[in-house]
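Student: I have a structure to read. Where do I begin?

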Amino acid sequence: MTAPFLSLAQIRNRLILTARTVLRQHRPGPDGHCPTCRTPACRVGTAARDLLRAAGDPPLPGTATDPPSSDVAQPE
Ligand SMILES: [Zn+2]
């Protein structure tokens with residue numbers, strides 16, 4: 001499934017989709033523990049959040065451990 005000639009936008013979109021999927025699977029439960037890793041500080045979820053932040057795509061609501069930044073440009 002590896003496409004040899006992807007644009008930067010396509011690569012970015014695939015990274016974001018993958019990170020969102022990972023974040024969904026490693027979303028902390030009510031007790032703050034990751035249901036997949038069963039740890040309080042899931043490194044996989046943190047890495048996915050960092051990737052989304054670096055890509056300029058804010059994490060989905062309920063998956064972030066800190067409040068969303070208000071400096072993200074909103075389309076009008
Ligand atoms: Zn996890």
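This is a predicted model: local features need pLDDT of at least 70, side-chain atom pairs count only at pLDDT 80 or more; totals for chains, interfaces and linings use all residues.

Student: How many helices and strands does the protein chain have?

Tutor: Start with a count of elements. Here there are two helices and zero strands. Then look at burial: 12% of the 76 residues are buried.

Student: Which residues of α2 are buried?

Tutor: First, the general idea. An α-helix has 3.6 residues a turn, so residues three or four places apart point the same way. Now the case: G45, A48, R49 and L52 are buried in α2. Viewed down the axis, these buried residues fall within an arc of 100 degrees, so they line one face of the helix.

Student: What covers the buried residues of α2?

Tutor: The cover includes α1, residues 8-25. On the face of α2 turned away from its buried side, you find the exposed residues R43, D50 and A54.

Student: What follows α2?

Tutor: Check the backbone angles there. G56 comes after α2, and its phi is positive, near 80 degrees.

Student: Is G29 buried or exposed?

Tutor: Count neighbours. G29 has 9 C-beta neighbours inside 10 Å, so it counts as exposed; the cut-off is 12 or fewer. G29 lies in the loop between α1 and α2. Its C-alpha atom is 9.5 Å from that of P40, 11 residues away along the chain.

Note on methods
Residues are numbered from 1 along each chain as its sequence is written. Helices (H or I, at least four residues) and strands (E, at least two) are DSSP runs, numbered from the N terminus. A residue is buried if 20 or more other C-beta atoms lie within 10 Å of its own, exposed if 12 or fewer, and partly exposed in between; C-beta atoms are placed from the backbone. The arc is that of the directions from the helix axis to the C-beta atoms. Two residues are in contact if their C-beta atoms, placed from the backbone, lie within 7 Å.
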